[in-house]
Amino acid sequence: MIKDIPIKKVVLKNNCPECFNNEGLNLTFKQKFIENSFYKSIARDVSYDIDCNICNTIIYPERWTDDIERVFNYQQKAFTPRPASYSLKRMSWVFIFISVLLIFSVILLFLLRA
């Protein structure tokens with residue numbers, strides 16, 4: 001399962017380009033989280049979106065004003081993403097242990113026959 005987890009949410013005091021309200025803009029930084037039955041990891045990929053709570057629209061970069069652009073650049077410089085990580089789950093360790101045990105037993109079997 002791959003999903004984006006929100007890391008930081010900032011309330012912006014800029015005017016929304018759609019409804020012109022200055023209290024509804026939110027900037028959200030998200031990082032990709034990957035999880036399956038063998039491992040889980042946080043990727044380096046950082047995504048962002050700006051949405052307005054008043055008019056319930058996503059503000060795409062083409063619609064950003066110069067003020068929104070300046071605030072975004074500042075927040076992007078101030079944002080520190082989580083470090084990329086990778087950890088194996090129990091199922092992976094069991095699979096690795098059984099594989100090593102199987103390889104060791106096959107090698108031991110060939111050495112005893114020789």
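**Note on cysteines and two further residues**

1. The structure holds 0 disulfides. C19 takes part in none, and the cysteine sulfur nearest to that of C19 belongs to C52, 3.7 Å away. The structure is a predicted model, and the remarks below should be read with that in mind.

2. C55 also has C52 as its closest cysteine partner by sulfur position, at 3.6 Å, which is too far for a bond. The cut-off behind this is a pair of cysteine sulfur atoms within 2.5 Å. A disulfide is a covalent bond between the sulfur atoms of two cysteines.

3. N56 sits in the loop between β3 (39-52) and β4 (57-59). N56 is exposed, its relative accessible area being 65%. In sequence N56 and C19 are 37 residues apart, while in space their C-alpha atoms are 9.7 Å apart.

4. Is Q75 buried or exposed? Q75 is buried: its relative accessible area is 13%. The residue belongs to helix α1, which covers residues 66-78.

5. Which residues does Q75 contact, once its neighbours within four places in sequence are left aside? The contacts of Q75 are then K8, V10, L27 and F29.

Conventions:
Residues numbered from 1 in each chain as written. Predicted model: local features only at pLDDT ≥ 70, side-chain atom pairs only at ≥ 80, totals over all residues. Heavy atoms only, no water. Helix = DSSP H or I, 4+ residues; strand = E, 2+ residues; numbered from the N terminus. Buried < 20%, exposed > 50% of the residue type's maximum accessible area, 1.4 Å probe, protein only. Contact = heavy atoms within 4.5 Å.
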